[in-house]
Structures are given as structure tokens and as C-alpha cells.
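Here is a short tour to read alongside the model on your screen. Keep the viewer open and click along as you go.

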Amino acid sequence: MNFKVAGGIIGELSEKIPSNLVALNEIIKNSYDAGAKNVNLVFDTANKKFQIIDDGSGMNEQDIQELLHISKSSKQYGEFNIKTSRYIQGSKGLGILAVFKFGKTVKFTTVKNGKSLEFILDFDILSSLDDVSEYEVSIAEKNVGNVPSMTSIEVTLSDEQNFGLVKQYFNDGRNRDKLLNAFLDVNFMIVLEIDGEKFQTKQVDLKTYSPEKKTFDINYSSDNQAVSFVDKNNTEYTRSYPFDQSKNVKVEMNIAAFSFPGGKGKDPLGDQLFLSPKEDNKLTPLIYINDNLFNNYELFEPDIMRSAKGGQALPQLIGYVKIYSSDKNMEFNSDRTNFQENELTAYIANFLSEINKGNYIQVYTIRWKAWLRGGLINGKYSY
Ligand SMILES: Nc1ncnc2c1ncn2[C@@H]1O[C@H](COP(=O)(O)OP(=O)(O)OP(=O)(O)O)[C@@H](O)[C@H]1O
Ligand SMILES: [Mg+2]
């Protein structure tokens, strides 16, 4: 007796991916791991195609064999890859199945060392099989000479209605800006083209982000275990906040607090990157883990104090909560929007919640605003 896996598992696994954003993040992560500097995502309704093209390392036969080996990966999550100067993103050997969220027929074309390889994966055939290992993937090979390495994944859109939804989804700036800023890496450019209209990654500098509406820059680093609040006049106020440095994880926060009179305005910053995808007109800092956007909007909940503080105007926070770890316990659940629960991830979750809610960032920002109104005492803020 031995285990066998029927084709239905493929649909089960790709269905675990909860949103188009998370699905594309999986595909882009592969381009990132392959050292690509550019990835282009092209939706083309007229030709019923969605193509993802990157200028990464490409794949040879052995790499393709790895790709076809489901739930097996040779990648070490979170390790720093000296060759690409990036943290490795893959670990599960499942990400590629995200392509089936967009269509049922997927053509791969990849070039590595002057050789082009092409193959097609058909979801319907694959899922009808009694045993997935029966699926024969035939690979067409061509010598292309001195052509730069690349990978193209071309999905044929099988269902126009579904495609309309995908288009609508990425025409929403809240989703699109998050896709385009999936990585904190100036050397990685994402271009999204929707029926001829182009959008691309743009760098956000919190220092210059809407300075007239900003009240404070708030920074924290687990290395020096201190939160610093800096106001418009560059006056700094710091308070220590402990971090367990024996944990194999680092946290850095770069947050900007804004105060919009009258509470939440409509799109108050004129930018949609920091708008919560969950609630209209709510600003939120974004969590990045090993430089990749973590589509989780609960771990650092900017409104956590809303009910506790009643009518008091809370600071509206945007910016970055950056977590770095190569620990093997840094694990994500199957829909990739939360941690798997273990001692390490519980520590991180609790730390984020406490430093935010724990009468810390939010409370001190509110208090400091009150001190500002009261003015400086002997050139210093007192507390
Ligand atoms: N754009 C790409 N360029 C080069 N190689 C790729 C590309 N996309 C996929 N691969 C290869 O296919 C393999 C399988 O990708 P897949 O995303 O399924 O797994 P993974 O990246 O190893 O782990 P995870 O499921 O955590 O993403 C990768 O390990 C890589 O070797
Ligand atoms: Mg991957």
C-alpha cells in the first residue's frame, strides 16, 4: 500500500488562496526569488489572456521538475540570498497553483542559458485524474542563443465573468496599490497593465508624505528597543519599549500619524496604498514580512482603541511594520493571510498588539498632542 493523490487536490489547494491579491503575490514572489528586476502583469480582455512576464533566472528542466513537484520546495524561507540580495520568499512548493485562480489553461515559456522551454498545464485534465502523477507534461525545447533569461506565464481566461471581476478588483486602487507595492525593494519594479492602461510601483517616502497633515513620525526598532516620536519641529521624544532579543526575529516600524479634523475624511491622503481593503476610508499601516506585504489587517489594528476611547479623535496611522525572520517557526497558514500559531508567532502578534493598543503608540500620540496644545515646559515636553 502507498499514498496516492487524485487530481481534485489541485483545485482544493488553489481554492485556499483567498483573493486575487494574494494569488498574484504568490506568482510575483516566484519572480522575486528568481532575481527578477521587473515583472509585468498584462490583462488583455480582447485576447482573453493574462500574462506574467519576468526577467528573472528562468528555468531549466530540473527547475521545471521542481515546479511540478507539489508541496516540495528547495527554498529556505526568510534566508538572505546573497546572489539576489533578497530574502527568500518561497517555502511551501504550492505558490504556483495560484495561477489557476485566473484560468484553467496555463502556458509557461522560460529561457535559461540560451535554451527556451515551453509547456502547458491544463487544470481540467489535471483535476480529473485518479492520480496526479499520471499527468504527462511535454516540454518543447528550442535553442535561442544569446537571449536573456526570462519566464512567462500565460493564462487563458476561461470565464469572462470571472475576468470581469478580476479587472474590477484591480481597478480598485486599494487593491492595485498594494499589488504594486508588494515588495519593499527599490530594485523590483511591478508593472500592471489592464487593457492598455499601465500602472507601476512607485516609491513612498513617509518623510515627505503629506507633511502638512502629519502630526508625528513614529519609529521603533527592536535593536534599540525604543519608540521615537518626532513632531513637525523635529523635536524628538523617546520611550523605551522592550523586545525579547533572544527571539530570532527583528521588528522595525516606520509610522506616520495624521490628524484629520472631523475624523475620517474621504481618501484623506489622496493615496490608496494605506487604505484598508476591509473598510472604506480607514487608514492602516501595512505589515511587511521579509520585505513582502503580508495581507493581514488585524495584527496591527489602527482602530483597536476606537471603542475604548469613545469620542476622542484617534491618530490615523499609516506606514510600515517590518518584520524580519528566517526562523523555521515563521510559518503562514494555508490562505497566507495569517500566521500559523506557535510560540514565535504568538510573541510577535502579542508584541504588535501591545505596542499599538497597549496604551502605547496610540495613547502617547494622543497625549503628546495634548501636551503640544499645552505648550512646552522649559523647552521640554513633560509627562
Ligand atoms: N517566475 C519564475 N522564475 C523562475 N523559477 C520559477 C518561477 N516560478 C516558479 N519557479 C520555480 O518553480 C518552483 C515552484 O514554485 P512554487 O511557488 O510552487 O513553490 P516555492 O516558491 O518553492 O514555494 P511557495 O509555495 O512557498 O511559493 C520554485 O521553487 C521555482 O524553482
Ligand atoms: Mg513560490
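The side chains of Lys4 and Asp130 meet in a salt bridge, with N and O 3.9 Å apart; the term stands for a side-chain nitrogen of Lys or Arg within 4 Å of a carboxyl oxygen of Asp or Glu. Lys4 sits in the segment before α1 (8–15) and Asp130 in the loop between α4 (123–128) and β7 (140–143), so this pair ties together parts that are 126 residues apart in sequence. Before going further, please note that this is a predicted model, in which local features need pLDDT of at least 70 and side-chain atom pairs count only at pLDDT 80 or more, while totals for chains, interfaces and linings use all residues. Residues are numbered from 1 along each chain as its sequence is written, chains are lettered from A and ligands numbered from 1 in the order in which they are written, and side-chain values use heavy atoms, leaving out hydrogens and water.

**The chain as a whole**

- The chain has eight helices and 17 strands; these are DSSP runs numbered from the N terminus, helices being H or I with at least four residues and strands E with at least two.
- Of its 383 residues, 50% count as buried; buried means under 20% relative accessible area, exposed over 50%, and partly exposed in between, with a 1.4 Å probe and protein chains only.
- The accessible surface of the chain comes to about 18700 Å², and 47% of that belongs to carbon and sulfur atoms (areas come from the Shrake-Rupley method with a 1.4 Å probe, and for residues only the protein chains shown count as cover).
- Among contacts with a separation of 6 or more, 67% are between residues 24 or more positions apart; a contact means heavy atoms within 4.5 Å.

**Salt bridges**

- There are 17 salt bridges in the structure.
- Both ends of the opening pair are exposed: Lys4 has 53% relative accessibility, and Asp130 has 52%.
- Glu26 forms a salt bridge with Arg336, and their closest N and O atoms are 3.1 Å apart. Because Glu26 lies in helix α2 and Arg336 in the loop between β17 and α7, this pair ties together parts 310 residues apart in sequence.
- Glu26 is buried at 7% relative accessibility, and Arg336 is buried at 11%.
- Asp33 and Lys75 also meet through their side chains in a salt bridge, at 2.9 Å from N to O. This pair links distant parts of the chain, with Asp33 in helix α2 and Lys75 in the loop between α3 (61–68) and β3 (80–81), 42 residues apart.
- Asp33 counts as buried at 16% relative accessibility, whereas Lys75 is partly exposed at 29%.
- Through shared partners, salt bridges join Glu26, Lys29 and Arg336 into one network.

**Nonpolar cores**

- The largest nonpolar core has 51 residues, and those with the most contacts inside it are Leu41, Phe50, Phe100, Ile153, Phe170 and Leu192. Such a core is a set of buried Ala, Val, Leu, Ile, Met, Phe, Trp, Tyr and Cys residues joined through side-chain atoms within 4.5 Å.
- Helix α2 (residues 20–33) supplies the largest share of this core, seven residues.
- Apart from this core lies another, of 31 residues, among them Tyr241, Ile323, Phe351 and Ile355.
- Beyond its neighbours within four places in sequence, Phe170 is in contact with Asn20, Leu21, Leu24, Phe43, Arg176, Leu179, Leu192 and Ile194.

**Around ligand 1**

- Of the 18 residues around ligand 1, Ser73, Ser91, Lys92, Leu94 and Gly95 come nearest; a residue is near if one of its heavy atoms lies within 4 Å.
- Helix α2 gives the most to this shell, with three residues.
- A nitrogen atom of ligand 1 is 2.8 Å from an N or O atom in the side chain of Asp54.
- Oxygen atoms of ligand 1 also approach the backbone, with one 2.7 Å from a polar atom of Ser91 and one 2.9 Å from an N or O atom of Gly93.
- The protein covers 94% of the 600 Å² of accessible area that ligand 1 has on its own.

**A covered helix and an exposed loop residue**

- Helix α6 (residues 173–180) is mostly covered, with eight of its eight residues buried. Among them are Arg174, Arg176, Asp177 and Lys178.
- Glu341 lies in the loop between β17 (316–324) and α7 (343–356), and it is exposed, with a relative accessible area of 81%.
- Glu341 and Asn329 are 12 residues apart in sequence, and their C-alpha atoms are 8.9 Å apart in space.

Conventions. A polar contact is a pair of N or O atoms within 3.5 Å; within protein, one must be able to donate a hydrogen and the other to accept it, and residues adjacent in sequence count only if both atoms are side-chain atoms.
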